[in-house]
Amino acid sequence: MKNGNSRNQRVSNQRQRKQQHLLEVTIRRDKAVAQRNRAIFFTSCKIICFVAIVAGIYIGGKEGLRRFLWENPDYFLAPLRVTTDGALTREQIVMASGIIEGRNIFTIDLTAAHDALEKLPQVERTEIQRTLPNHVDINVIERRPIAWVTSRADEDPTSSERSFLIDARGVVMRSKTVLPEYLHLPVISGVEVDNLAAGQRMQTFEMQAALDLVRLNADSTGYQARNIDVSKGYCLVVTDTTHAQVTFGLDGIDRKLDTLNRFLERPEMRMRELRTVNLMVDRNIPVTFADSEQESEIPSIASPPKGESSHEKSTGKATPTPSKKPSSGTPTPSSSKKKEATPTPRRTPADSVKKKFKL
């Protein structure tokens, strides 16, 4: 520095400075273009490598799955292991499930098979389990029918095409195979079966009362209901094995059944044959009895006239009246000889009215 107060001065003129700036802009542009081209090239290479790797993984994985999984004989489905506790056969269950034996086990839709089996009216619950490498287990729990449903009481439900089986929940069903235990089930008659379909649930009050009666009476060793008529709608007319008719109301089935069982357990009931009982009332229950001999005589019995007993009317013979005493105290010789030959006991007027009476 020449002196302390000297100022900064430009070393170049305006023309030189302009030329210098033009050179710097050109160099920077060329450098930017080169850098951009390199970035595009490297990005393209990365994309191509990534696509190649993904395609290789996809094609290789697909080929590997085809060879070692989908077309591997070790995973071909073996015969299904089916268990059931009812009348459904193995062929019916396999056909309903839609599972084809011999296919790859991983191609089976277990959810669809489960839903298809649950739609069967006879099936209550289904369990399906896949066991590697090639087994599928199907466990079917069927509904347990407790009664037959028919339109008429005199109809044989085991051979009729219009009859249904019904379980405790009121679901009706049909079975192609009639098991031996179905033959002894009680019959619920008086039902409109024309509009019924397998799998439908009956929720009427009279049907629910009838099902409660069947369920409560299932383990009874005394009273056995054979036919339950629900046609009246407000009561149940039940016929047992002895053809006695018992009328139940639609409510309090358990209490009324206990009343009937206590009545039948009385000692005097063992000597009499029950005909009808009306359990729709709680007190003064009407009960009638049947006598086989009197039943046969009822059509020929008319109202006897006054002074004539029913025994005389039915047999047509008059009851002998007691002989009167002779007016004289000394009997005649002929009468004395007759009395000695055939002695008769002395009868009183009260003895003439003592006859055998049947209820």
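Phe50 is found in helix H1, residues 14–70, where helices (H or I, at least four residues) and strands (E, at least two) are DSSP runs numbered from the N terminus. The model is predicted, so that local features need pLDDT of at least 70 and side-chain atom pairs count only at pLDDT 80 or more, while totals for chains, interfaces and linings use all residues. Residues are numbered from 1 along each chain as its sequence is written, and side-chain values use heavy atoms, with hydrogens and water left out.

Phe50 is exposed, at a relative accessible area of 58% (exposed means over 50%, buried under 20%, partly exposed in between, with a 1.4 Å probe and protein chains only). Together with Ile47, Val51 and Val54, Phe50 forms a nonpolar surface patch of about 390 Å² accessible area.

In helix H3, residues 110–118, the buried residues are Leu110, Ala113 and Leu117. Seen down the axis of H3, these fall within an arc of 60°, so they line one face of the helix; the arc is that of the directions from the helix axis to the C-beta atoms. Their cover includes helix H2 (90–97), strand S2 (123–131) and strand S3 (135–142).

| Pair | Distance |
|---|---|
| Asp109 side-chain oxygen, Thr111 backbone nitrogen (N-terminal cap of H3) | 3.3 Å |
| Asn134 side chain, His135 side chain (polar contact) | 3.5 Å |

Asn134 is placed in the loop between S2 and S3. Not counting residues up to four places away in sequence, Asn134 touches Asp74, Tyr75, Phe76, Leu77, Ala78 and Ile105, contact meaning heavy atoms within 4.5 Å.

Methods: Patch = residues over 30% accessible without salt bridge, like charges linked within 9 Å, V, L, I, M, F, W, Y side chains within 5 Å. Areas by Shrake-Rupley, 256 points an atom, 1.4 Å probe, with all protein chains shown as cover. Salt bridge = Lys/Arg side-chain N within 4 Å of Asp/Glu carboxyl O. Polar contact = N/O pair within 3.5 Å; in protein donor to acceptor, adjacent residues only side chain to side chain.
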